[in-house]
Amino acid sequence: MFYPEFSFNLPKGFIDSNHQIHRLGKMRATTAKDEIIVQQNSQVQEFSEYGILVMLSRVITNLGNISQVTPTLLEQLLLVDFMYLQDIYYQINQLGGDWLTEGEL
């Protein structure tokens, strides 16, 4: 199934081990399956606040040239970038959100 993806541009960016900065990315809307998988995650069961990292790792489809975004990678983000991603996530998944076409938030 196709879900619209939304482009984003991190304020600071993720710096990888090669010192390359990754700022541009895409995020899709959350599905019920995403929520189930997050709730079944052992780290989330032990520490519920970790859930947002697991959820973001599921819905971010790419970050720069990184196609596999993991919770461990997201742990390394600067707080300003993490808060930005949370804001985008909540905008995309808000009740009554009008996002029928692709776009940038």
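## Exercises on a predicted model

At 16% relative accessibility, aspartate 16 counts as buried (buried means under 20% relative accessible area, exposed over 50%, partly exposed in between, with a 1.4 Å probe and protein chains only). This is a predicted model, where local features need pLDDT of at least 70, side-chain atom pairs count only at pLDDT 80 or more, and totals for chains, interfaces and linings use all residues. Residues are numbered from 1 along each chain as its sequence is written, and side-chain values use heavy atoms, leaving out hydrogens and water.

**Exercise 1.** Find where aspartate 16 sits and what its side chain reaches.

*Solution.*
- Step 1: Aspartate 16 lies in the loop between β1 and β2 (21-28). Strands (E, at least two residues) and helices (H or I, at least four) are DSSP runs, numbered from the N terminus.
- Step 2: Its side chain makes a polar contact with the side chain of histidine 22 at 2.8 Å. A polar contact is a pair of N or O atoms within 3.5 Å; within protein, one must be able to donate a hydrogen and the other to accept it, and residues adjacent in sequence count only if both atoms are side-chain atoms.
- Step 3: The side chain of aspartate 16 also reaches the backbone nitrogen of glutamine 20, at 2.9 Å.

**Exercise 2.** Work out how β2 is joined to β1 and to β3.

*Solution.*
- Step 1: β1 and β2 run antiparallel and are joined by seven bridges; two strands pair if DSSP finds at least two bridges between them.
- Step 2: Now look at the turn: this hairpin has five residues between its strands, and histidine 19 there has a positive phi of about 65°.
- Step 3: β2 and β3 are antiparallel too, with three bridges. Here lysine 26 has asparagine 62 in β3 as its bridge partner.

**Exercise 3.** Which residues touch the most other members of the largest nonpolar core?

*Solution.*
- Step 1: Recall that a nonpolar core is a set of buried Ala, Val, Leu, Ile, Met, Phe, Trp, Tyr and Cys residues joined through side-chain atoms within 4.5 Å.
- Step 2: Among the 27 residues of this core, the answer is Met27, Leu56, Ile60, Leu74 and Leu85.
- Step 3: α3 gives the most to this core, with six residues.
- Step 4: Check methionine 27: leaving aside neighbours within four places in sequence, its contacts (heavy atoms within 4.5 Å) include Phe6, Leu56, Ile60 and Leu85.
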